[in-house]
Structure formats: structure tokens, C-alpha cells
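Dear colleague,

Please find the structure below, followed by an account of what was found in it. I would be grateful if you kept it open while reading.

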Amino acid sequence: MTTVSVRQCPGGPLLVRGATQVETEDGELVPVARPVVALCQCGRSGRMPWCDSSHKFGSDGITRRRQD
Amino acid sequence: MAGPDARESKIAPRELGGKHALPESNLTRLPNVLPKACGPLSEGVIRALTADPSDPPRSVPVHDDLGHPVDPLVDRDFQLALWMLYELHYRGFPGVPADLEWDPLLIAARQPMERAFEAAVRDLVGPIDWPAGGEQPKQPGVAVADRIFEATGSGALPELASFLQRRADVDHYRTYLARRAVYQLRESDPQSFVLPRLEGAPKAALAELQYDEYGGGQPSRLHATLFADALESLGMTTDVIPYVDQAPAATLAAVNVMSLFALNRRLRGAALGHLAAYEATSSVPCRMVALGARRLGLPDPVAAYFEEHVEADSVHEQVAVRDICGAFVDDNPAEAADVLFGVAASLAVDALAAEAILSPWRDMPEDVAQ
């Protein structure tokens with residue numbers, strides 16, 4: 001049985017190890033392709049559900065978000 | 001840029017070996033296999049690498065033999081000589097005997113150059129502020145992780161990535177990729193030398209990070225291969241030598257400092273700190289570089305390489321800062337200052353490398369862009 005471990009990084013993402021897929025709020029199942037993934041916790045990522053380091057910047061962001 | 005041999009297979013092993021090994025010293029028989037000498041130090045290394053085995057071995061000149069002071073951070077001849085000596089530990093050079101990796105004369109030349117290089121980097125970054133002796137923080141790993149996030153999270157826009165995102169043209173991108181190729185065609189290889197120098201939690205975390213860098217078991221997803229794909233999509237060679245030949249001293253220094261840290265066990269903490277700072281300052285610039293590549297309509301593999309690093313390095317930053325450096329310092333508190341030295345070295349030397357790319361572009365009038 002696979003154990004999924006999660007760890008909150010203060011001010012940053014949620015690190016998840018051992019998952020094979022992540023279900024988004026819309027119910028979409030996104031496959032996990034890395035040994036450890038970082039889930040966005042600030043809501044500002046342009047690559048949801050993954051962290052793209054947008055938490056480092058103010059709510060207006062410094063770069064345009066991807067439109068897709 | 002057209003490479004000398006665009007047909008060479010993608011980052012293929014460059015060993016010829018066996019009957020193809022070149023028997024005699026003759027630089028003309030090794031065209032494009034070795035970088036071009038640019039001074040007495042690199043010339044001395046090339047002479048040693050191409051020496052006729054029947055010749056009595058000769059010592060390789062080092063900077064102390066030159067009779068004038070050399071600044072390792074700006075002296076291209078110094079950095080090129082050191083790069084070739086380090087490359088013997090990675091892929092080597094076709095036709096150059098593999099056992100030169102541990103040739104005593106070459107190691108003897110490398111050591112004083114490494115000492116001078118390390119001293120120059122320490123001088124560049126200044127003293128590391130960390131309590132010596134009995135005043136250690138209660139949780140040194142957490143304290144070091146906080147220091148790394150503080151050092152790498154200035155919030156300032158990286159100027160080079162901004163330029164690429166907003167103003168660069170295709171030729172700027174080609175130059176940028178050519179500079180990065182010196183490291184990216186060997187991406188993550190220096191840090192693999194650190195693995196056997198670690199134990200426990202930081203070892204497991206570094207192995208996890210490296211597994212991702214090395215494609216998670218899929219050769220086509222090796223980050224070095226993704227970079228080679230980007231080069232190929234622009235018709236650029238995937239042979240590292242032409243890029244080394246074009247690289248300024250600062251570009252070579254930024255690559256060599258990783259080998260300096262990774263190949264000297266004494267500096268393992270610095271190697272880990274360097275990795276953490278590199279990862280922590282990668283994701284945001286990569287996003288900007290990817291956006292610039294999309295703006296210019298460059299082939300998909302160019303933006304795809306940088307987009308991969310937006311996501312990967314957001315993970316790697318947390319793993320490298322907390323699970324690698326934090327755990328390492330908890331286990332080895334006496335090496336905390338080494339980790340912070342590696343962080344400072346990464347930021348300072350990479351800033352020199354970025355400046356070397358950017359400074360010729362900075363005078364470009366605004367209206368030339370778009």
C-alpha cells in the first residue's frame with residue numbers, strides 16, 4: 001500500500017510525496033509525474049494545481065498568468 | 001549558430017576509445033574535440049591532454065607560474081583550463097585517454113587553481129554571518145533554511161529574465177541558450193558527486209531531487225536532454241565544445257564553481273547550499289524566459305524546457321532548502337556556514353554570469369525591441 005505524505009511549507013506550497021494523481025476542485029484528475037510535487041496554496045499559480053512560485057510575489061503578480 | 005558537427009548524436013558519450021584512441025600528440029588531429037586555447041594555462045592543459053605517450057610527462061603550468069597576478073573570476077584562460085580539468089571527471093574528450101582523469105600532474109595543476117578560485121569566490125561573497133562555537137541556534141536546520149529563503153527571495157525582478165521576456169529577439173535567445181548550454185548539457189551532474197558524501201535524510205532528499213532532474217526514469221525527460229531538444233529545435237549543436245569556446249570567463253566560472261564544491265568533499269556543505277540557491281532563484285526567471293520564447297514564437301521545445309523548470313524548481317526549491325540543506329545542517333551543525341557560503345557563492349557568481357550576457361545588450365534602444 002502506498003503512503004502519501006504531505007507537508008505544509010510555511011508561506012509556500014504543500015509538498016506531496018507518494019501520490020499518483022491529484023483531483024482538482026473542478027473534479028479533474030491530474031496525473032502526478034514526479035517523485036514529489038508541490039501543490040499551490042496561495043491560489044495564484046498559473047499552473048494549477050501545481051506551485052509555480054507565484055507565492056513569492058504580491059497579489060498583482062509580476063508576470064501575466066497563462067490564459068489557458 | 002552552426003556547430004562544427006551538428007550531426008553528433010544528442011549528448012552521446014564522446015569516448016572513441018579502443019583502436020580509435022589517438023596515439024600521438026597532434027592538436028590538428030583533435031579538431032573541435034577540445035576547446036581552443038586562449039592563453040598559457042589552457043594551452044598547457046591541452047598540451048597535456050594531447051601529449052604523445054612516449055614523451056616524458058611535463059607539468060602543467062598554473063597561474064603562479066605566469067609571473068603576474070590573475071583574477072580567477074575574470075580570467076578566461078584560467079577558467080577554461082579549470083573547465084577542461086574538471087571535464088575529465090564528467091565525459092572527458094574523444095581520443096583523450098580516460099585515465100588522465102587521475103593523472104598526478106593534472107591533479108597537481110588543479111589543486112592550486114582550485115585554491116585560488118575558492119579564495120576569489122570567498123573574497124567576492126565576503127564573510128559569512130553565522131555564530132561560531134557554542135552560540136548555535138536551537139534548530140540550526142530551520143535557521144539555515146530561513147536564511148536561504150531570505151537570501152534568495154529579494155522580490156526584485158531578475159533583469160536578464162525580464163529582458164528576455166519583454167525585449168529580446170531570436171538572436172538574444174540563441175546567445176542566452178549558448179551560454180546556458182555549458183552547464184545545461186551537463187545539468188545536475190555535479191550534484192551527483194555529492195550523494196556518496198552524505199548520509200540519512202539529506203542523502204534521500206538529494207537522491208529524490210536528482211531522480212526528477214534525471215527524468216524520473218524516462219531518458220527523454222532528462223533535463224539535459226530537454227535542453228538539447230531546445231537547442232536542436234533552433235538548429236544549434238548539442239556538442240558542448242563550441243559553447244565553451246564562446247563562453248566568457250564568468251560563464252565558465254559559474255559552471256566550475258559547482259564542480260569545485262561537488263568534487264571536494266570538504267566543500268559538500270557549499271555544494272548543497274549552491275544547489276538550494278540555484279533552485280530557489282530558478283522558477284520565476286524560467287517562467288519569464290518561457291513567456292519570452294512564446295512571445296517570439298520560438299519552437300515549442302525552447303519554452304517547454306523553461307516551463308518544465310517553473311514547476312520542477314518550485315518543488316526543488318522546497319526540497320533543496322528544507323529537506324537537503326535544513327536536514328544536513330541539523331545533522332552537521334558545524335557545516336552550517338559552509339552551506340551559507342555555497343548559497344552566497346551561487347548568487348554572486350551567477351550574477352556575474354548574467355551580467356556578462358546582459359551588459360552588451362543593455363544599451364539596446366527601446367524601439368528596437370518588439
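Is the crossing of α6(B) and α9(B) left-handed or right-handed? The crossing of these two helices is left-handed, a term used when the near helix is turned anticlockwise from the far one by less than a right angle, with right-handed used if it is turned clockwise.

Two points on sources come before the rest. This is a predicted model, in which local features need pLDDT of at least 70 and side-chain atom pairs count only at pLDDT 80 or more, while totals for chains, interfaces and linings use all residues. Residues are numbered from 1 along each chain as its sequence is written, and chains are lettered from A and ligands numbered from 1 in the order in which they are written.

Helix packing in chain B

Helix α6 (residues 170-184) of chain B packs against helix α9 (residues 223-233) of chain B at an angle of about 155 degrees, and their axes are 10 Å apart. That makes α6(B) roughly antiparallel to α9(B). Angles over 145 degrees count as roughly antiparallel, those under 35 as roughly parallel, 65 to 115 as roughly perpendicular and the rest as oblique. Axes here are lines fitted to C-alpha atoms, for helices over the stretch in contact, and angles run from 0 to 180 degrees between N-to-C directions. Helices (H or I, at least four residues) and strands (E, at least two) are DSSP runs, numbered from the N terminus.

From α6(B), the residues Leu177(B), Ala181(B) and Gln184(B) meet Ala224(B), Phe227(B), Ala230(B) and Leu231(B) of α9(B); residues are in contact if their C-beta atoms, placed from the backbone, lie within 7 Å. The residues of this contact of α6(B) with α9(B) comprise six nonpolar, one polar and no charged. Ala, Val, Leu, Ile, Met, Phe, Trp, Tyr, Cys and Pro count as nonpolar, Asp, Glu, Lys and Arg as charged, and the others, Gly among them, as polar.

Helix α9(B) also packs with α14(B), at an angle of about 155 degrees and with axes 8 Å apart. That makes α9(B) roughly antiparallel to α14(B), and their crossing is left-handed. Among the residues making this contact are Phe227(B) and Ala230(B) of α9(B), with Val302(B) and Tyr305(B) of α14(B). By class, the contact of α9(B) with α14(B) has six nonpolar, one polar and two charged residues.

The contact between the chains

The contact takes 19 residues from chain B and 19 residues from chain A. On the side of chain B that touches chain A, α8 (200-213), α13 (283-295) and α14 (300-331) of chain B each supply at least two residues. The largest share of that side, seven residues, comes from α14(B).

Backbone details

Most residues other than glycine have a negative phi, and most peptide bonds are trans. The peptide bond from Met48(A) to Pro49(A), however, is cis, with omega near 5 degrees. Pro49(A) is found in the segment after β5 (36-39) of chain A, and Ser53(A) lies in the segment after β5 of chain A. Ser53(A) is not a glycine, yet it has a positive phi of about 70 degrees. With 30 C-beta neighbours inside 10 Å, Ser53(A) counts as buried (20 or more other C-beta atoms within 10 Å; exposed means 12 or fewer, and partly exposed in between, with C-beta atoms placed from the backbone). Ser188(B), in the loop between α6 and α7 (189-192) of chain B, has a positive phi of about 75 degrees. Ser188(B) is partly exposed, with 19 other C-beta atoms within 10 Å.

Yours sincerely

Technical notes:
Contact = placed C-beta atoms within 7 Å.
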